Structures are given as structure tokens and as C-alpha cells.
Amino acid sequence: MTEFIFKRVSILSLLVIALTGFTAKAQEKITLQMAVDRTLANNLTIKQAQVTESIGTLDLQQSKNNLLPSLNASTQGGYNFGRSQVAGSFTYTSSTSLNINGNAQLQLTVYQGGQLRNQIIQNRLLLDVNKGQTAKIKNDLILSVVTTYLQILTNQDLVTAAKQQIDIANQTLSKSDISFKVGNQTLADLSQAKAQVSTANLNLTTAQNQLDLSMLILKQYMEMNPYTPIEVERPDISKLTDIQTIYDANEVVKTALTVNPDIRLAELQQKTYQQAIKLAKGYYYPTVSLYGGLASSYSDRLNQKVIGSTAVTQQIGIVQATNQSVVTASQQPIYGPYSAFSQINDNFNQNIGLSIQIPIFNKFNTRTTVRKAELNLQGAQLSTQIAKNNLSKTIIQAVLDLNAAEKQYLSATQTFEANKDALNVTKQRYDVGLVNSLDYNTAVTNFNKSQNDMIEARYSVVFRSKIIDYYLGKTITL
């Protein structure tokens, strides 16, 4: 029986190990570069911007195609029936006929106030705007991914710290329980130790929730299934050698104004409005077009045609003296079948010409369009300047935040080391009964808080430095 139980336990152990290995293998490890690459490849916002970019490409191609001539053909056929007047008389007749007409028209715009050319230029600029919008979305998403990635690392460290705090709290509770049983501590001391454990567990729950939320956000950027287990690769922050903390704000602003996608996008939009003015002014000028056409028709009423003639004599009188007939000669037409093909061929006609449309008065629509285009340009110029001002303010603030984060990290590190030493001393004194539980719990609380502050401050320095790299147009890596 014992051997049977041992075998079952062994089998279950192997299954547990196998399942554990499978789960560990199924959990994919994601690096920062992988997260960025998957976001750029899968994010729906980027794909939506790329669709808009494709539409802009088609618009540009169509504006080029508008330089080509247009060719249209049409045909019309129908039955005519009922009473109609007989040509050349005042009589009417009832008849039924089938009539078919067809024509083809070719038209080429020679001049249109430069609108065709200006439309091509504007659509090319609009395509550049669409591309700039796509680039902006990509850059913003890269920054968001890096931010979330760093937040995950921060939250992981906070979870680890919270678990360590639970261990310390449990050890303290165990010692307090022993001391309470032997009469060295009061019930208040024991209750304080239990409260410390509850607080540590609450801190772990909060930290774990924040970690889960940041992991979910990262998956959403990558368009992953939220239930897919992943693990982020942890770079050794302490070994990062490219964390620059000293920047000249003016130099950063000068560089950012030339590479920042927001500024480039605003400047491109400004150019499109400049081109829109030229396009609107084109309506002041005449439109010159060349045209040519072909046409023919068929009617079943014309089922016969003259194919020849024959001489016919007709008596018109008699000479009384000689009783001789007086006759006259005339040509009598000879009719033959008139095929549809012959009728269409006989009715075939061509036309060619030049048309000029001169705008004289159109209710001031053109003037209004030009003025609106000029106002749109002024608005775009103001938007560009506002974007530059906002970028300058943001960069200056980012430099100040980086300096403050570095000082905060140094201060938090010093505070952590001091509280760590204080906790060690307090714990030694607490173990021998020289301090009460309140003083010890206060030292633990101070240590926990300083540890969390140091973790957050360390990642804050990295994040603030990467933010400035982003404004400088550098690739963000860890």
C-alpha cells in the first residue's frame, strides 16, 4: 500500500513538473525592442493612419490623371409611335419607327488657371501630411511603450519590495506572538504587529494591481490577447551607461524644432494652405478646352434608298393639226434595300473645336474661397507657432524635471540607506526588549517608504532622460 501511494505521488509530481515546465515555456519573454516592433506592426491606430495615407496616394495619382483627356460614348434607342405630321404637308399619319443614335466625345483641358498643376502639388503636400501624421503616431506610441515598459519594471520592483516587507512583518509578528505568550509584550504590541502584516499585504495587493494594469496596457499597445501570459525582460538599470542627466535646454529645443514630428506636421499643413490659395485663385481665369466627336444614327423607316434611275416618257398633249402626241422624258428613281450598316455609314459625322469658358460673375464665390484660404493659412501659421512654443515649454520643463529627478534619486538613496541602518539598529534593540513595538513598526514603515521612493526615483531618472532623447529624435533603448 505504501509503495502504491509512493508511485501515485511520484506520477503526480512528474505531472506537476511537466505542467510547470510547459507553462514556463509558454510564457513569452518580451524585450523593449520587441514591444516597440510589435506595436509598430500591429497597432490599429497606425494601420488606420496608413489607410488614410493610401487614400492620399490615390488622390495624388488621380490629380495626375486629370491631365489626360476624357473620352465618353453614349447611345440612345427607342420606339416612336402615334400620329405625326407628314413633312411638307398639313396632313397627319399614324406610324411606328425604331430610332437609334450614337456618339463619342473627346475633351482635353488645355488651360484652367493652373488648377490642375496646383491640385497635383497640393495633393502631394497632403500626402506628406498623411505620412507625417503616421510618423507622429508611431513616435507617440514608441514613447508610450517605453513609458509603460519602465512603469512595469517599477511596479515589479515595488511588488518585490512589498513581498520583502511582508516577510519582515511576518517575522515581527512571530516574535511578538512568542514574546506575548511569555509575558514580555502586551496585547497592544501583538495587535500592532498584526496590523503591520495587514498593511504589508495591502501594499502588495496594490502593487500587484498596478503591475497587472501596466502589463495590460502594454499588451493593448501590441494588440495582444490580454490573457496571453508574457514576461518583460529586465535590463540592469544600474549598468546603463547612456543615461545622460545634463542637457542644455536651448540646444535641445533647437534640435527638436528640426526633428520633432509635431513641428514637421504643422509646417506641412501650413504649406498645404499656401497651395490652397493658388488653387482658389485659379477660378478667376478662363478654362480652355479642345474637343472632338463622332456621331451617327439609324431609323427603320428608312428601309429603302435610291440605287439608280430609269428614263420615263409621259404624254402631255396632242398636236391638233397632225394629231401627233406630245411627250416629255423624265428620270424615275429606282429604290433598293437600305441596310442598317449602310445607313449608319451614310449618317456618320465628325466635329472638332475649341471651347473657352470665361468666368464673369459667380456671386463672389471665388473671392470668398480665396479669402477663406488666406484665413486658413493664417490659422495654420498660428498653429505652427503655438506648436513650437509648446514644444519649447515642454522641453524646458523636461530638463528641469530631469535635474529634479536626479536630485530626488540621490536624496531618496541617502534616505533609504539611513532608514536601512536605523531599522537594523532598532531591530537589534527590539529583539532584546530595549524598544517597544511602536518604535520598531515606525522604523519598518520608514524603511518601506524610503525603499519605494528610491525605486520610483531611480526609474524616474531613466524615464526623464529617455524623454529628452525622444525630443532629440534618438532611438529609445534600454
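**Close-up views of helix packing in a predicted model**

**View 1. Surroundings of the buried residues of helix 2 in the predicted model.** Within helix 2, which spans residues 32-42, the buried positions are Leu-32, Ala-35, Val-36 and Thr-39. Viewed down the axis of helix 2, these buried residues fall within an arc of 95°, and they therefore line one face of the helix. An α-helix has 3.6 residues a turn, so residues three or four places apart point the same way.

**View 2. The crossing of helix 6 and helix 9.** The axes of helix 6 (residues 249-259) and helix 9 come within 9 Å of each other and cross at roughly 140°, an angle which means that helix 6 is oblique to helix 9. Helix 6 passes helix 9 in a right-handed crossing. Helix 6 contributes Ala-249, Val-252, Val-253, Ala-256 and Leu-257 to the contact, while helix 9 contributes Lys-388, Leu-391, Ser-392, Ile-395, Ile-396 and Val-399. By residue class, this contact of helix 6 with helix 9 comprises nine nonpolar residues, one polar residue and one charged residue.

**View 3. The packing of helix 7 with helix 9.** Helix 7 (residues 261-281) and helix 9 (residues 365-431) have axes that come within 8 Å and cross at roughly 170°; because angles over 145 degrees count as roughly antiparallel, helix 7 is described as roughly antiparallel to helix 9. The residues in the contact of helix 7 with helix 9 divide into twelve nonpolar, seven polar and four charged.

How values were computed: Residues are numbered from 1 along each chain as its sequence is written. This is a predicted model: local features need pLDDT of at least 70, side-chain atom pairs count only at pLDDT 80 or more; totals for chains, interfaces and linings use all residues. Side-chain values use heavy atoms; hydrogens and water are left out. Axes are lines fitted to C-alpha atoms, for helices over the stretch in contact, and angles run from 0 to 180 degrees between N-to-C directions. Helices (H or I, at least four residues) and strands (E, at least two) are DSSP runs, numbered from the N terminus. Angles under 35 degrees count as roughly parallel, over 145 as roughly antiparallel, 65 to 115 as roughly perpendicular and the rest as oblique. Ala, Val, Leu, Ile, Met, Phe, Trp, Tyr, Cys and Pro count as nonpolar, Asp, Glu, Lys and Arg as charged, and the others, Gly among them, as polar. Buried means under 20% relative accessible area, exposed over 50%, partly exposed in between (1.4 Å probe, protein chains only). The arc is that of the directions from the helix axis to the C-beta atoms. Contact means heavy atoms within 4.5 Å. A crossing is left-handed if the near helix is turned anticlockwise from the far one by less than a right angle, and right-handed if clockwise.
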